[in-house]
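Try each task before you read its solution.

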Amino acid sequence: MMKNLSLLLAFTLALSSCSIQTKGQDGKPGKAGTSAAQIKEEKMVSGFNQKLADSLGADQYGMKPYIIVMLTTGSAKIEDKTKMGELMKGHMQNIGKLAKEGKVVIAGPFSGKNQREYRGMFIFNTKSKEEAEQWVKTDPAVAAGVFGYEIFPWYGSAALPLYLKYHDEIAKENP
């Protein structure tokens, strides 16, 4: 029994002292290699997914350019509540359409007044100011002058569009 235990201990020590070596040159040993376990551990620690990064257009930092459009109080003063209701319904439908098309990744109002008269914000999934302006002009409330807008380039996480797929799972109602 003691002999078997000693043999097992010696075998375990021998295995644990082994290392993977790359092929050397001129009779010299190569550099220590990386084991499959080490590669798997590094992947788990970093969590990097090249396929996902490529599909989202991410750069080496996991980021990409977007366009932010800040909606401002427009010049139109619409007193007719029915007309304003129709425009806001069209505004919301347009946001939904742009989101389904993958053009807008964030849209929403500001919850209070501010010095710049910002009313809401879009983050568009493009780096082109011209393209973002074309998209914002499809909004009936913008077209009617209820909202004006300002356009800014922005650099943010390329994973931003992924949050939209979860929104439907947490929203009981849509406005």
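**Exercise 1.** Find which residues of α5 are buried, and work out how they sit around the helix.

Solution. Start with burial (under 20% relative accessible area with a 1.4 Å probe, protein chains only; exposed is over 50%, partly exposed in between). In α5, the buried residues are Ala132, Trp135 and Val136. Looking down the axis of α5, these buried residues fall within an arc of 95 degrees (taken from the directions from the axis to the C-beta atoms), so they line one face of the helix. Now turn to the other side of α5: Glu130 and Gln134 are exposed there.

The model is predicted, so local features need pLDDT of at least 70 and side-chain atom pairs 80 or more, while totals for chains, interfaces and linings use all residues. Residues count from 1 along each chain as its sequence is written, and side-chain values use heavy atoms, leaving out hydrogens and water.

**Exercise 2.** Find what covers the buried residues of α5.

Solution. Look for contacts (heavy atoms within 4.5 Å). The cover includes β1 (63–73), α4 (81–100), β3 (118–124), α6 and β4 (147–157). Helices here are DSSP runs of H or I with at least four residues, strands runs of E with at least two, numbered from the N terminus.
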